[in-house]
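Work through each task before reading its solution.

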Amino acid sequence: MNQYRLFVTKTMANFPNALWRNWEYSEVSMFLNTLTPKFYVALTGTSSLISGLILIFEWWYFRKYGTSFIEQVSVSHLRPLLGGVDNNSPNNSNTSNGDSDSNRQSVSECKVWRNPLNLFRGAEYNRYTWVTGREPLTYYDMNLSAQDHQTFFTCDTDHLRPADAIMQKAWRERNPQARISAAHEALELNECATAYILLAEEEATTIVEAEKLFKQALKAGEGCYRRSQQLQHHGAQYEAQHRRDTNVLVYIKRRLAMCARKLGRTREAVKMMRDLMKEFPLLSMFNIHENLLEALLELQAYADVQAVLAKYDDISLPKSATICYTAALLKARAVSDKFSPEAASRRGLSTAEMNAVEAIHRAVEFNPHVPKYLLEMKSLILPPEHILKRGDSEAIAYAFFHLQHWKRVEGALNLLHCTWEGTFRMIPYPLEKGHLFYPYPICTETADRELLPSFHEVSVYPKKELPFFILFTAGLCSFTAMLALLTHQFPELMGVFAKAFLSTLFAPLNFVMEKVESILPSSLWHQLTRI
């Protein structure tokens with residue numbers, strides 16, 4: 001009798017569990033049976049649409065900013081919440097001296113420099129805008145130029161002279177017409193050199209007009225320079241004024257030399273540049289030697305080019321694409337006319353050919369963007385007013401003026417075409433370790449996107465792989481779209497497949513539930529099911 005009661009009690013205790021499990025199975029089965037093929041088509045189609053929209057947004061964001069939006073949000077916002085390590089924390093600031101030096105060098109190489117061969121706004125940039133309707137200069141680039149003008153052409157004593165006070169405000173003005181009007185107003189008061197500079201740069205529509213205005217600026221600037229030179233030792237204010245007048249005079253003479261070069265008076269331009277470098281040898285910020293190199297190449301005075309390189313291609317001096325690629329051009333010139341890749345592969349490279357190839361590899365390592373422009377694999381645009389060394393902006397500025405010099409040397413472009421890609425085998429990890437230079441800076445793409453117009457496709461090195469989330473969303477979109485198409489074409493077969501898939505998906509859950517039921521006491525499980 002007691003055994004019968006115990007059996008009845010256990011049976012009644014387990015009855016709710018079995019009843020609940022059977023009810024759960026029946027509900028799931030009923031839900032799956034009520035789903036029609038239209039539901040599966042709508043489900044997979046909606047999933048495909050959503051993943052496709054995410055894919056389009058991710059692709060647009062990657063093309064514009066060079067990174068994945070999802071990854072950026074994860075790193076910037078989710079990682080700190082999950083206790084991620086901050087690379088800028090004091091605990092991680094103990095780096096070796098070599099790493100610190102490398103970081104400092106990378107920061108200096110990411111500095112934006114004034115383009116020594118920058119064009120004239122009125123006579124060249126504005127003419128491009130009138131013809132094409134496109135703006136060749138970005139706001140960021142023009143803002144940097146405004147800062148340069150305020151640094152070079154103004155000083156603390158400008159408020160004491162009415163014309164200079166007007167020009168001090170004009171350089172800060174964003175509206176071009178307002179700047180031009182202010183320059184004319186300053187000239188009504190006095191012969192102001194900086195007012196002539198502004199008119200030559202922005203109002204003159206031809207190089208001839210700009211040259212006339214610069215000559216007037218030179219006459220006014222020389223007078224101011226002589227007066228301030230006599231008073232420079234009378235106090236800090238006079239010294240600052242003399243420094244400003246020196247910058248103005250050097251700028252005028254350099255632009256006059258560039259006008260002569262553009263108008264075909266190349267020998268006159270070379271003489272003006274040489275005299276300017278002798279008169280002001282310490283003003284290396286203008287990089288006048290790069291203007292001189294380009295003019296000498298136009299004259300095909302290769303011995304003089306080599307002499308300039310011997311002075312400026314020094315390990316202690318900052319490099320540029322002009323220095324590195326001009327050195328490569330001179331060495332390629334000695335062997336390029338007789339160079340043949342087939343003959344070189346049979347007999348090997350001679351000493352002169354090896355020197356030329358090494359010079360090309362050196363130049364390509366410094367700026368890997370240049371060869372595509374020289375080989376005309378990528379279209380050129382007008383160079384910006386500022387460049388980033390080792391970046392795409394510097395490559396455009398160099399190729400824009402020096403492509404003709406490479407074409408003039410017979411076989412030079414052929415030698416470049418055969419050898420430039422070999423550089424990348426020497427530096428397989430350019431962001432971590434360089435060969436002849438410091439590792440390639442990682443900031444060039446961001447700065448170049450600010451310097452170059454939006455219609456130009458920025459060259460990126462090293463080429464970035466597609467982020468994981470773009471590949472993931474592309475696969476998800478394709479997979480769900482394929483499911484939607486198959487469900488629409490074969491509704492019954494896909495319905496059977498979906499039910500079998502869901503049953504298989506819920507099988508581990510059912511197995512776990514059975515194990516939990518066997519482990520937990522029946523009374524506790526009964527209370528949980530009631531809840």
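Phe153 is buried, and Tyr251 is buried as well. The model is a predicted one.

**Exercise 1.** State how the rings of Tyr325 and Tyr398 are arranged, and which parts of the chain they tie together.

Solution. The centres of Tyr325 and Tyr398 are 5.5 Å apart, and rings pair if their centres lie within 6.5 Å. The angle between the planes of Tyr325 and Tyr398 is 35°. Planes under 30 degrees apart would count as stacked and those over 60 as edge-to-face, so this pair is tilted. Next, locate the residues: Tyr325 belongs to helix H15 (residues 321–333) and Tyr398 to helix H19 (residues 392–408), so the pair ties together parts 73 residues apart in sequence.

**Exercise 2.** Decide whether Tyr325 and Tyr398 are buried or exposed.

Solution. Buried means under 20% relative accessible area. Tyr325 has a relative accessible area of 0%, so Tyr325 is buried. Tyr398 is at 2% relative accessibility, so Tyr398 also counts as buried.

**Exercise 3.** Which residues do ring pairs link into a cluster with Phe153?

Solution. Ring pairs join Phe153 to a cluster with Trp171 and Tyr251. Two of its members, Phe153 and Tyr251, were described above as buried.

**Exercise 4.** Find the ring that lies under Arg255 and the ring that lies under the charged end of Lys389.

Solution. Arg255 is placed over the face of Phe120, 4.0 Å from the ring centre. The charged end of Lys389 is over the ring of Trp113, at 4.1 Å from its centre.

Key:
Residues numbered from 1 in each chain as written. Predicted model: local features only at pLDDT ≥ 70, side-chain atom pairs only at ≥ 80, totals over all residues. Heavy atoms only, no water. Buried < 20%, exposed > 50% of the residue type's maximum accessible area, 1.4 Å probe, protein only. Phe/Tyr/Trp six-rings, centres within 6.5 Å; stacked < 30°, edge-to-face > 60°. Helix = DSSP H or I, 4+ residues; strand = E, 2+ residues; numbered from the N terminus. Lys NZ or Arg CZ within 6 Å of the ring centre and 35° of its normal.
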